[in-house]
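Reader: I am new to reading protein models. Could you walk me through some features, one at a time?

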Amino acid sequence: MTRKQIGVASGCLAVLLATGLAIQSVDSGQARHEVALPTDFAGLTRGAEAQDLTTLRTECEQQNAGHHVPWHTQVQGYGQPGATGLRESDLVAAAVDTEGSVPDAARAATEMLGGYSPDGSSLEDGTPVNGMQTYPPGPLKGAPACATVGESGQEYDVCAWADGNTTGNLSDLAGRLTREQLVDRTRELRAPTEQPEQPEQPGRPVRPATSTRRCSAGVGR
């Protein structure tokens, strides 16, 4: 894995871990969603599993085990036909639904990218963040924010979103999109990803959840 890809991976790990700052107990009055990333997206196909992606999921499980509110996370790379793992992905998406709630979506979206500062900020691992902006959310509401993440010469753009009980991010690993195009792609991704939460039914499979002992989480880039 190249230095850029290592930075991307650690950056997205911090993006997801930061969501825990905003998670609270369930708010029964809000619309709730479950996340399910699409098989194909933006003309790209789902990348095959590889060791780099498996390693990142394992790291997140280890670091994420202290959250007291269960959540469910999906992560997926999208690339050209035959793409494998993170290193061959053009776009990488991560999406989280929590059994709690995100009371301040705007704050959560910016905190996932290190928090707003006019002079720039950084992710939890120290990765620099610059050029943060917030954008209109589109039909699913909530709050999106986008920024340029990474050291000079290794930058990539990331858009993060938060709403009532979901958070996520979309990273442009290939660097082929303008910021405005990535914002549009993020809105497009949310439409198939955020589905109305289904009530528990007898015989319905139980989804793995993060708890104080166990985490089922992944990272985006």
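Reader: Which residue forms a salt bridge with Asp157?

Author: A salt bridge is a side-chain nitrogen of Lys or Arg within 4 Å of a carboxyl oxygen of Asp or Glu. Here Asp157 pairs with Arg179, and their closest N and O atoms are 3.6 Å apart. The pair links distant parts of the chain, with Asp157 in strand β9 (residues 156-162) and Arg179 in helix α4, 22 residues apart. Helices (H or I, at least four residues) and strands (E, at least two) are DSSP runs, numbered from the N terminus. This is a predicted model, where local features need pLDDT of at least 70 and side-chain atom pairs count only at pLDDT 80 or more, while totals for chains, interfaces and linings use all residues. Residues are numbered from 1 along each chain as its sequence is written, and side-chain values use heavy atoms, leaving out hydrogens and water.

Reader: Is Asp157 buried or exposed?

Author: Buried means under 20% relative accessible area, exposed over 50%, and partly exposed in between (1.4 Å probe, protein chains only). Asp157 has 15%, so Asp157 is buried. Arg179 counts as buried too, at 12%.

Reader: How many salt bridges does the structure hold?

Author: There are eight. One of them joins the side chains of Asp90 and Arg176 (3.0 Å, N to O). Asp90 lies in the loop between β4 (71-79) and β5 (91-98), and Arg176 in the loop between β10 (166-172) and α4 (179-193), so this pair ties together parts 86 residues apart in sequence. Asp90 is buried, with a relative accessible area of 12%, whereas Arg176 is exposed at 60%.

Reader: What separates Asp184 and Arg187 in helix α4?

Author: About one helical turn, because they are three residues apart in that helix. They form a salt bridge with closest N and O atoms 2.8 Å apart. Both are partly exposed: Asp184 at 38% and Arg187 at 27%. Elsewhere, salt bridges that share partners join Asp163, Arg190 and Glu194 into one network.

Reader: Where is Glu194, and which side chains make polar contacts with the side chain of Glu194?

Author: A polar contact is a pair of N or O atoms within 3.5 Å; within protein, one must be able to donate a hydrogen and the other to accept it, and residues adjacent in sequence count only if both atoms are side-chain atoms. Glu194 sits in strand β11 (residues 194-196). The side chain of Glu194 makes polar contacts with the side chains of Thr166 (3.3 Å) and Arg190 (2.6 Å). Glu194 is buried, at 4% relative accessible area.
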